[in-house]
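Trainee: Could you walk me through a structure while I look at it? I'd like to ask as we go.
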Amino acid sequence: MEKGVQRWVVDVSKWNPSPNYFSLALSLLPHHEQSPITRYVRMEDRKRALVSRLLQYALVHELLGIRYGEIIINRTLEGKPYLECDKVGIEFPNFNFNVSHHGDFVAIASEPLCLVGLDIVCCVTPCKETIQEFIQNFSSYFSSLEWDNILSAGTCEEILVEFYKYWCLKEAYVKAIGSGLVYGLDKVEFHHNNWTNIFLKIDDVPLMEWRFWIFELGKRHWVSVARGPPRSATESYKRTLNKVEFDEEEYNQGLHLANASFVWKTVEQLVQVAYGVNGILDEQSARTCS
């Protein structure tokens, strides 16, 4: 199952495509995936949305060997993407993935058995209010313990980073279970030892069947990964999963898989994979279009 644990990330700030190359990359996606991208006005938002979808199709193709034309990715009512497929096989008994983008980075994470949640935050310093005023807007989403940890982190900059780390973990958990809601996040309390050995309590009850990690990607960006039991998924997301209930031994095999390091990808690599699959463009043509 180890192969099913994938972590890919793209630095979109390094991608400055010509209009032709952007259109060609967009054309690799099914038509229903293209219109949500082109609705964005800002080019930076279009780039993130396009790369997010290219990552999903490239990972499914490379990991599961499904042809591009046969890949069907839908979304739950809450907006969580999922693969519609009956060809995953026993190697990945509950394959699922999650994507995130913020600031300069777009990433994807997949798991073969456990739920996976992924979130990226860019530690942006507010410009129209102080850091204390900014974070105060979100105080209701944190437990008293978390809030005390944030406020006692040190300098204003350290307080901001601490705030974003907690927020990143909470978002990863919410996305893992497939919920689009942040209501009740004050009951979702994270504990850690210098941001290692992270564990979760809900209503003061430890949930030891979850695992969490948080890493710095660079350029003041952080990424968190959540891994948890399929039975914790929302009802709408459960219906997309191959299997919800696992016995303890089988589940622990998935829970204790090593957390893979993030692999850096370029947009050109994702595009070239798709072109190679579809036979649309050779390398010389791709260079000409870029």
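Trainee: Is Tyr-141 buried, partly exposed or exposed?
Mentor: Tyr-141 counts as partly exposed, because its relative accessibility is 24%; buried means under 20% relative accessible area, exposed over 50% and partly exposed in between, with a 1.4 Å probe and protein chains only. Bear in mind that this is a predicted model, in which local features need pLDDT of at least 70 and side-chain atom pairs count only at pLDDT 80 or more, while totals for chains, interfaces and linings use all residues. Residues are numbered from 1 along each chain as its sequence is written, and side-chain values use heavy atoms, with hydrogens and water left out.

Trainee: And what about Trp-167, buried or exposed?
Mentor: Trp-167 counts as buried, at 14% relative accessibility.

Trainee: How do the rings of Tyr-141 and Trp-167 pair?
Mentor: Their centres are 5.4 Å apart and their planes stand at 70°, so the pair is edge-to-face; rings of Phe, Tyr and Trp (its six-membered ring) pair if their centres lie within 6.5 Å, and planes under 30 degrees apart count as stacked, over 60 as edge-to-face and the rest as tilted. This pair links distant parts of the chain, since Tyr-141 sits in the loop between helix 4 and helix 5 and Trp-167 in helix 6, 26 residues apart. Helices here are DSSP runs of H or I with at least four residues, and strands are runs of E with at least two, numbered from the N terminus.

Trainee: Which residues do ring pairs link into a cluster?
Mentor: The cluster joins Phe-134, Phe-138, Tyr-141, Phe-142, Trp-147, Phe-163, Tyr-164 and Trp-167.

Trainee: Switching topic, which residues touch the most other members in the largest nonpolar core?
Mentor: That core has 39 residues, and those touching the most other members are Leu-115, Ile-135, Ile-150, Tyr-173, Phe-190, Trp-210 and Phe-212; a nonpolar core is a set of buried Ala, Val, Leu, Ile, Met, Phe, Trp, Tyr and Cys residues joined through side-chain atoms within 4.5 Å. Helix 6 supplies the largest share of this core, 14 residues.

Trainee: What does Ile-150 touch?
Mentor: Leaving aside residues up to four places away in sequence, Ile-150 touches Ile-135, Phe-142, Ile-159, Glu-162, Phe-163 and Tyr-166, where contact means heavy atoms within 4.5 Å.

Trainee: Last one: where does Lys-165 lie?
Mentor: Lys-165 lies over the face of Trp-222, at 4.1 Å from the ring centre; a charge sits over a ring if NZ of Lys or CZ of Arg is within 6 Å of the ring centre and within 35 degrees of the ring normal.
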